[in-house]
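Subject: Structure for you to look at

Hello,

Here is the structure I said I would pass on. Please open it beside this message and follow along; my notes come after it.

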Amino acid sequence: MTVSDSQHGGQVDENWRRLSTRMLLVHPVRELVRYIPALVGLVVAGRSVGDGEMWWWGPLGVVVVIALSVLRWATTRYRITPEQVQLRTGLLQRKTIATPADRVRSVDVTASPLHRLLGLAKVDIGTGSQRGASGGGSGLTLDSLPAAEAAALRAELLHRARSPSVDERAGSSPSEPGALPFGAVPVGDAPMAQDPDIELARLDPRWVRFAPFTMSGVLAAAAIFGLGWNLLDQMNVTPSDVGPVRGFVDHIEQTAIWLVILQVMVALGAAVIALSIGGYVLSYWGFRLTRHAQGSLHITRGLLTTRATSIEERRLRGVELDEPLLLRAVHAARLSGITTGLESKGRADGGSSLLLPPAPLAVARALAAQILRDPAPVDVSLTAHGPAARRRRLLRVLLPVFVLVVAAGAAIWSGGSLWLGLGAVLTIPVAVLLAADRYRSLGHALSGGALVTQQGSLGRRRDVLACEGIIGWNLRQTFFQRRAGLATLTATTAAGRQRYAVTDLPLPMAVSLGDRALPGLLGDFLEPEVPEAPGVSSPIASG
Amino acid sequence: MQLREPANHVSSRAIVFWTVRALPGWLIALGAQLLWLMASRDSEGLRVAALAVTVLFASAHLVVMPRWRYRVHRWEVTDTAVFTQSGWLSQERRIAPISRVQTVDTDRGPLEQLFRLANVTVTTASAAGPLRIHGLDRATADGLVAKLTEVTSRSDGDAT
């Protein structure tokens with residue numbers, strides 16, 4: 001991404017397009033809201049100077065803000081040439097931001113309710129230049145275009161980024177890998193010309209039942225509670241002065257404690273469930289994932305604010321199958337993509353790399369197989385990491401529990417309640433179960449040209465990373481891992497989380513895995529094979 | 001299957017460098033304890049014992065850590081890969097193919113300049129994978145950078 005100045009200085013040729021005129025309704029409102037503190041300051045200042053003859057300061061401020069936002073609209077133009085997307089802004093200081101069209105990695109179309117009311121949509125063009133801070137951000141935003149125009153622009157840009165001539169150029173440039181990562185040329189599913197989109201997934205309204213099993217409701221409830229409390233605090237309202245709260249407190253004082261606890265639990269539970277369902281519906285309603293014939297995945301979703309995202313398949317290096325414990329309990333999972341060039345910061349709230357919201361596990365697995373064009377990495381049974389890894393899981397869970405038990409013992413000895421001891425002792429079986437599940441979840445495989453690694457219990461995750469996407473190995477051994485003969489092998493990659501670890505596997509297995517995943521890389525650094533060494537304890541699955 | 005160690009040691013001056021670098025932290029801890037010892041007179045035995053323990057740990061750390069590190073810290077560059085090994089209690093080996101190398105940097109802190117040492121950092125397209133070789137002799141570092149630049153320019157291929 002480059003910032004050039006006054007390249008197209010004086011002449012306004014007809015290719016330069018304006019943002020939608022309807023933004024004249026959105027921009028001033030938004031700017032006024034943004035400048036409220038300053039405007040309030042102006043009004044107060046105007047009133048207090050002299051006898052209030054400066055009353056016009058406030059209205060003047062409003063007029064200036066509106067005029068500025070109109071000016072901003074009037075001076076903003078964009079155009080799309082065969083090589084570049086250009087955005088020109090500024091009245092006094094002209095700035096032209098240009099993004100090479102073949103560097104466009106993502107085109108997201110977002111429409112907030114206000115935008116939708118006016119038939120508008122915002123277009124975010126991402127170039128994925130994470131390190132390119134010199135260009136001032138990565139990509140450009142057109143806020144906003146008429147919805148139809150936005151959709152057309154998105155199709156145009158994505159089509160251009162994938163057109164054969166550009167692909168060739170990209171293939172030979174140093175930062176672009178050539179072929180599809182999973183080696184498979186789309187065969188067999190050759191689409192009709194008039195309907196090039198193949199639908200891979202669509203939201204089933206029944207999936208909303210999984211919403212309460214995500215943490216989103218709990219987080220939302222906490223956020224709302226915190227916000228409400230803060231608001232009351234700022235307005236100097238003591239909660240117990242508010243009528244309903246007062247009534248509630250009176251009610252508590254007259255009722256048995258266990259009944260109060262029960263009621264509060266039920267109320268909280270209902271609130272959390274309602275919030276999580278609301279959140280699920282708001283962000284995922286109308287979710288649809290399609291594969292475009294020219295090699296990209298398109299995702300549309302959202303009830304009020306709609307989003308349309310695309311992931312180019314040649315930037316896809318794999319998928320992550322997310323099974324947090326609660327979702328796992330109801331046989332559900334989430335799916336996200338491992339892609340290069342998408343900022344990973346948005347992933348916590350299901351950002352650009354989301355491929356499937358919480359849905360039945362079978363659906364998630366089938367979708368993963370379709371996206372990878374190979375069911376093997378999803379279905380493959382994983383190689384376990386052996387007894388040393390199991391001991392390590394157990395030890396790492398029991399150590400904190402041991403500390404807890406000792407602390408409880410000390411508390412009882414110095415006069416604490418016996419219940420403390422009981423509570424501490426009861427954590428032991430929970431810890432053992434957790435360790436057993438953590439070990440059961442731990443495993444790896446090489447399948448379909450991809451490294452498959454799975455770990456975790458409370459947040460179990462299976463990562464499938466194409467071997468072509470691996471750009472190096474970190475083999476780490478802590479002091480205790482060395483004593484146990486274990487190592488953690490981390491595949492580094494330019495995509496997704498940047499690192500995908502295979503945790504606590506026996507050292508020879510780690511080396512062998514690294515060697516098989518990227519043949520040739522480790523070859524120079526292997527110990528010469530000693531004839532009698534192998535065959536003792538290397539239960540390595542055939543890839 | 002086992003990995004062998006990378007072929008080259010770092011400079012032996014790194015041993016002194018690591019010792020000197022670890023010294024200030026221990027000196028501060030010892031100074032604080034001495035002040036504490038002088039501050040008042042009660043339970044003196046306990047404080048002297050604590051001081052003795054600190055001295056013991058400090059000397060063990062200052063003697064063992066640099067030598068252990070020196071045995072672990074190794075590196076090797078072939079025509080196809082960069083291979084480094086570092087750490088002491090926790091050890092890490094990193095391998096990256098030459099075809100994926102994006103930048104090669106050297107840097108020298110003030111203390112390192114005093115010992116005529118340099119660090120070489122080899123980065124790839126992954127944010128997780130910089131390979132750092134600490135405590136190289138300055139001439140070796142310059143030679144290594146020259147070699148890496150030469151080898152990477154020879155290799156064609158992509159870097160992601």
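**Helix H1 of chain A**

The buried residues of H1(A) are covered by parts of chain A that include helix H3 (57–75), helix H4 (113–117), strand E7 (120–126) and strand E8 (140–146). Keep in mind that this is a predicted model.

Which residues of H1(A) are buried? They are Met23(A), Val26(A) and His27(A). These residues lie on the same side of H1(A), because they cover an arc of only 90° around the axis. As background, an α-helix has 3.6 residues a turn, so residues three or four places apart point the same way.

The helix itself runs over residues 23–34 of chain A, which makes 12 residues. From the first C-alpha to the last, H1 reaches 16 Å, close to the 16 Å expected at 1.5 Å a residue.

**Chain B as a whole**

Chain B has four helices and seven strands. Along the sequence they follow the pattern β-α-α-β-β-β-β-α-β-β-α. The radius of gyration of chain B is 21 Å, while the globule rule gives 15 Å for 160 residues; the value is well over the rule, so chain B is more spread out than a compact globule. The C-alpha trace of chain B spans about 70 × 40 × 25 Å along its principal axes.

Two further figures concern the residues of this chain. Of the 160 residues of chain B, 29% count as buried. Among contacts in chain B with a separation of 6 or more, 57% are between residues 24 or more positions apart.

Regards

Conventions:
Residues are numbered from 1 along each chain as its sequence is written. Chains are lettered from A and ligands numbered from 1 in the order in which they are written. This is a predicted model: local features need pLDDT of at least 70, side-chain atom pairs count only at pLDDT 80 or more; totals for chains, interfaces and linings use all residues. Helices (H or I, at least four residues) and strands (E, at least two) are DSSP runs, numbered from the N terminus. The expected span of a helix is 1.5 Å times one less than its number of residues. A residue is buried if 20 or more other C-beta atoms lie within 10 Å of its own, exposed if 12 or fewer, and partly exposed in between; C-beta atoms are placed from the backbone. The arc is that of the directions from the helix axis to the C-beta atoms. Two residues are in contact if their C-beta atoms, placed from the backbone, lie within 7 Å. The radius of gyration is taken over C-alpha atoms; the globule rule is 2.2 Å times the number of residues to the power 0.38.
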